Amino acid sequence: MAPVKVFGPAMSTNVARVLVCLEEVGAEYEVVDIDFKAMEHKSPEHLVRNPFGQIPAFQDGDLLLFESRAIAKYVLRKYKTNGVDLLREGDLKEAAMVDVWTEVDAHTYNPAISPIVYECLINPLMRGLPTNQTVVDESLEKLKKVLEVYEARLSRHEYLAGDFVSFADLNHFPYTFYFMATPHAALFDSYPHVKAWWERLMARPAVKKLAAQMVPKKP
């Protein structure tokens, strides 16, 4: 059977979300780079894979998918085993908690942390733009409020959905990894349970492997 294909660079946060799930389940896959400078993501060939001209795109035989969370869920369902069940769909309550914290990541955590990553890393390193400190400061205040909730949750459970690692936790990996390369990484020191949770995630072999492919240069 041919390996599945993921279109887009591993350094992309959305691509990394898919790749870390593929690594967790031990699936064979191929990463196909997309040249943004050459506008390859807007090419007719890529628009067949992702009609919005974005990454990632995913191919498994004749199946084409886009949207990283949908792709990741497909991967976790297809390759689910007794030892690897990151969606917990066999238990209604556990699956619901995975869904809850996946939504929190998408709609609360990411909107707070991603502007900091963009302003401190992506804009200065990749776009040659200066850091907008006002955006950083405002986002840090938002992130602190989010981390207070996470600290309370993680003081009662080892992971976000419960005492088991899940897709909800893995969703947090890409942006948090890059946040830790900004000058504001020490913020996590103020939230010991959050920091311990992050260290547990970073100790996972799949996460370690992806992290090695994503290391950014500090500004």
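This is a predicted model: local features need pLDDT of at least 70, side-chain atom pairs count only at pLDDT 80 or more; totals for chains, interfaces and linings use all residues.
α4 covers residues 92-127 and has 36 residues, but its end C-alpha atoms are only 45 Å apart. A straight helix at 1.5 Å a residue would reach 52 Å, the expected span being 1.5 Å times one less than the number of residues. Helices here are DSSP runs of H or I with at least four residues, strands are runs of E with at least two, and both are numbered from the N terminus.

I then asked where α4 bends. The bend is about 55° at N110, and a proline, P111, follows within four residues. I took the bend as the angle between axes fitted to the seven residues ending at a position and the seven starting there.

I checked both ends of α4. D91 caps the N-terminal end, with a side-chain oxygen 3.1 Å from the backbone nitrogen of K93. Just after α4, G128 takes a positive phi of about 70°.

Next I looked up the largest pocket, whose volume is about 780 Å³. A pocket is an open set of points on a 1 Å grid over the protein atoms alone, where a 1.4 Å probe fits, with protein on both sides within 12 Å along at least five of seven lines; lining residues have an atom within 4 Å of a point. The volume is the space filled by probe spheres set on the points.

I find 20 lining residues, with P9, M11, S12, I122 and M126 nearest the centre. α4 gives the most to this lining, with six residues.

Residues are numbered from 1 along each chain as its sequence is written. Local features need pLDDT of at least 70, side-chain atom pairs count only at pLDDT 80 or more, totals for chains, interfaces and linings use all residues, and side-chain values use heavy atoms, without hydrogens and water.

Conventions: A polar contact is a pair of N or O atoms within 3.5 Å; within protein, one must be able to donate a hydrogen and the other to accept it, and residues adjacent in sequence count only if both atoms are side-chain atoms.
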